[in-house]
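Let's take a walk through this structure together. Have the viewer open and follow along as we go from one part to the next.

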Amino acid sequence: MRAQATGGGAAMTAILTEETRTETFRRDVADGGVIETSDWMPEEYRRRLIKFIEMHANSEIMGALPEGDWIGRAPSLKRKLALSAKIQDEVGHAQMLYRLVEDLGKPRPQIFADLTSGKSKFHNVFHYPTRSWADVGIIGWLVDGAAIISQSALLRSSYGPYTRVMKRICWEEAFHLKQGEDVCLTLAGGSALQREMLQDALTRWWEPLMMFHGPPTPPEQDGDLAWRIKTKPNDALRQEFLDRYVPQIWELGLTIPDPALKKDVQTGRWRYTEPDWSRLIAVVTGSGPASAQRLGFRRLTYEEGAWLRAVTMNA
Amino acid sequence: MGAFVVFRQEEPGGAFVHCGSVDAPDMELACQYARDIFSRREDAQRLWVAPQEAIREVADGDLLRPALDRTYRLGRGYRVTVEKRRRIKARIAARAEAEQGEAV
């Protein structure tokens with residue numbers, strides 16, 4: 001109808017065609033259709049894909065920093081090897097994901113300019129400092145655990161190249177989870193001081209973890225869901241996370257710092273204190289406790305690496 | 001004439017798997033031959049065709065499969081977690097029992 005109002009002739013045909021194509025595309029992805037890079041796609045789909053995958057890639061590369069602080073302080077050679085391997089994986093994930101974003105039309109210098117200037121975002125959990133070795137355990141076990149839940153749902157995304165990369169990423173994340181879990185279990189089975197350290201880390205990380213899957217946006221208002229870029233609403237992912245990990249955390253004798261946390265036996269859903277979502281916005285827009293330091297470090301390494309890019313890529 | 005390598009995707013969204021090669025004078029005919037040879041039974045979603053000289057094989061065993069223990073990179077390198085979890089649960093249960101004993 002809008003096409004008729006905007007004018008006649010060739011222009012109208014073009015608009016009609018665009019709208020018809022978009023409608024067909026929308027129905028196709030809703031029915032489980034898979035899109036490849038060379039396929040025609042509506043601009044909104046491309047824009048959302050770029051934003052979504054870019055944020056994922058940024059999170060992988062920024063996620064290397066909080067744990068990187070602990071390579072030199074790992075308590076044993078085995079822990080040091082495992083942590084280095086995990087961080088190497090995260091950077092590898094960023095490489096794979098940035099390639100997807102480039103193929104969709106956003107050049108890497110632009111991606112990095114947007115990341116280091118704070119224009120594009122990365123996950124809230126990477127805006128926090130790591131204060132003790134127990135943080136490394138909690139990040140591997142619970143942050144990566146939360147990530148695996150959203151990433152597994154991406155295996156059924158409508159964008160084919162993303163699902164293929166996610167297969168590799170999910171497989172590697174399974175190791176991250178186990179190494180983090182092993183660190184946590186070692187501390188939980190250790191001295192009073194070690195148990196205290198683990199409890200302290202859990203207490204500090206709980207709020208960021210509850211915010212990890214994002215605010216409870218109603219599914220019908222979530223454009224990424226409509227285009228099936230992601231396949232599960234934020235709240236469903238959080239419920240899945242709580243279902244899988246809360247019993248395991250309690251089993252270790254740890255206390256979760258939310259007195260309201262309880263599974264409703266009637267609905268089967270977890271009840272909890274609603275996080276302050278304005279704080280999440282503040283954290284991911286650069287006001288997190290470690291945001292400035294992390295971005296500053298990323299900016300510095302990007303600038304310091306300029307000569308190497310110039311030499312190797314002739315850029 | 002030259003060799004062109006063909007990769008085939010069998011399911012929507014699936015991986016493109018190497019399935020063979022064709023001999024053709026140019027890319028256009030290589031794509032036609034790839035269709036003729038590798039998708040005769042509606043069993044391909046898409047094909048990728050690349051000049052063979054564009055493909056480089058990396059098969060350096062010292063790099064790809066070094067003779068080092070790398071199980072610390074694998075989930076199965078952490079089976080010890082099962083035993084650790086069991087011991088923690090036993091300790092918590094024993095403590096609860098002791099506390100109950102004191103209360104009585």
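How much area is buried between chain A and chain B, and what percentage of it do carbon and sulfur atoms give? Keep in mind as you look that this is a predicted model. The area buried between the two chains comes to about 2200 Å², and carbon and sulfur atoms give 55% of it. On the chain A side, the residues that lose the most area to chain B are Arg164(A), Leu185(A) and Glu251(A), which together make up 24% of what that side buries. Counting contacts instead, 30 residues of chain A touch 22 residues of chain B. There is also a charge-over-ring arrangement linking the two chains: Lys78(A) lies over the face of Tyr78(B), 5.1 Å from the ring centre.

Now turn to the helices of chain A. Two packed helices are described by the angle between their axes and the distance between those axes. Start with helix α12 (residues 291–304) of chain A and helix α13 (residues 306–313) of chain A, whose axes are 4 Å apart and form an angle of about 45°. That angle is why α12(A) counts as oblique to α13(A). From α12(A), the contact draws on Tyr302(A), Glu303(A) and Glu304(A), while α13(A) supplies Ala306(A), Trp307(A) and Arg309(A). By class, three of these residues are nonpolar and three are charged, with no polar ones. Zoom in on one pair here: the charged end of Arg309(A) sits over the ring of Tyr302(A), 3.7 Å from its centre.

Tyr302(A) also takes part in a contact between α12(A) and α5(A). Helix α5 spans residues 108–116 of chain A, and its axis comes within 9 Å of that of α12(A), crossing at roughly 145°. Here Pro109(A), Phe112(A), Leu115(A) and Thr116(A) of α5(A) meet Leu295(A), Arg298(A), Arg299(A) and Tyr302(A) of α12(A). This contact has five nonpolar residues, one polar residue and two charged residues.

Finally, have a look at the aromatic rings. Over all chains, the structure holds 14 aromatic pairs.

Methods: Residues numbered from 1 in each chain as written. Chains lettered and ligands numbered in written order. Predicted model: local features only at pLDDT ≥ 70, side-chain atom pairs only at ≥ 80, totals over all residues. Heavy atoms only, no water. Axes fitted to C-alpha atoms, helices over the stretch in contact; angles between N-to-C directions. Helix = DSSP H or I, 4+ residues; strand = E, 2+ residues; numbered from the N terminus. Parallel < 35°, antiparallel > 145°, perpendicular 65-115°, else oblique. Contact = heavy atoms within 4.5 Å. Nonpolar A, V, L, I, M, F, W, Y, C, P; charged D, E, K, R; others polar. Phe/Tyr/Trp six-rings, centres within 6.5 Å; stacked < 30°, edge-to-face > 60°. Lys NZ or Arg CZ within 6 Å of the ring centre and 35° of its normal. Buried area = accessible area lost by both parts, 1.4 Å probe.
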